[in-house]
Amino acid sequence: MLLNEDIIANNYIAWEIYKELQGTRENTIKIQWIPSHVGIRGNEVADQAAKQKSREKQTFFNGLTMADALRLSNLDVWADWSRRYKEKSKTKGCWHFNLMETPGRKIWSHELQLNPDEVKTLNRIRSGHALTKSKRATWGWEIDDQCDWCEVKEDIKHILYDCPKFNIERNKYPILEYMKPIEQVLIELCEEELKQITRFIKETKSQI
């Protein structure tokens with residue numbers, strides 16, 4: 001039984017016994033089958049003791065296997081994390097919460113063919129921490145949050161859609177030319193549209 005990996009994985013008692021055996025020196029413990037009810041005194045005493053205990057009130061019962069316990073624990077942890085995620089998003093991370101109302105078990109980009117630089121740029125936009133002038137100003141890195149070109153607030157939407165400095169470059173990217181909202185782009189996760197965003201930012205050398 002202790003050599004059966006499925007039993008060890010699903011039976012915590014078998015697992016504890018297996019660990020004890022693995023931690024002992026070789027040949028110090030031997031397991032031997034003993035026939036029952038053949039007049040061996042020690043065996044008869046053990047049998048009577050087991051019967052006596054079985055008649056007593058059971059003070060502890062664990063009907064869960066280790067696999068069940070791990071599965072339930074994982075579900076409980078995930079439910080707690082989901083609750084905390086929604087709760088914290090009411091005051092912090094509201095922008096990201098609008099893009100993803102429930103936390104994902106895998107990174108948002110796991111099914112997309114994006115390179116590390118593209119993922120990094122899009123992560124900054126998704127988290128609301130793109131290094132635009134308005135964001136840098138909130139951190140005290142800039143005197144004001146005004147665009148140097150047109151003197152209005154320089155946030156990610158201004159860079160992508162409004163700033164006339166990038167009108168020529170913007171015309172190359174349909175998603176920006178037709179002003180598809182960045183929130184919608186980030187929710188739908190169309191690979192080509194995401195790549196248009198990152199190519200535009202790279203071409204314009206915008207700080208993101």
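Where does Ile40 lie relative to helix H2 and helix H3? Ile40 is placed in the loop between helix H2 (12-22) and helix H3 (41-55); helices here are DSSP runs (H or I, at least four residues) numbered from the N terminus. The model is predicted, so local features need pLDDT of at least 70 and side-chain atom pairs count only at pLDDT 80 or more, whereas totals for chains, interfaces and linings use all residues. Residues are numbered from 1 along each chain as its sequence is written, and side-chain values use heavy atoms, with hydrogens and water left out.

Ile40 has a relative accessible area of 38% and is therefore partly exposed (between the limits for buried, under 20%, and exposed, over 50%; 1.4 Å probe, protein chains only). Together with Ile34 and Val38, Ile40 forms a nonpolar surface patch with about 250 Å² of accessible area. Such a patch joins nonpolar side chains within 5 Å, from residues with over 30% relative accessible area and no salt bridge (Lys or Arg side-chain nitrogen within 4 Å of an Asp or Glu carboxyl oxygen). Areas follow the Shrake-Rupley method with a 1.4 Å probe.

Leu194, in helix H12, counts as buried because its relative accessibility is 0%. Leu194 is among the residues that touch the most other members of the largest nonpolar core, which has 26 residues (buried nonpolar residues joined through side-chain atoms within 4.5 Å). Helices H6 (116-127), H8 (156-162), H10 (174-177), H11 (182-188) and H12 (191-204) each supply at least two residues of this core.

Beyond four places in sequence, Leu194 contacts Trp108, Leu112, Leu114, Leu122, Val185, Leu186 and Leu189 (heavy atoms within 4.5 Å). The C-alpha atoms of Leu194 and Glu118 are 8.4 Å apart, with 76 residues separating the two in sequence.

Note on methods:
Patch = residues over 30% accessible without salt bridge, like charges linked within 9 Å, V, L, I, M, F, W, Y side chains within 5 Å.
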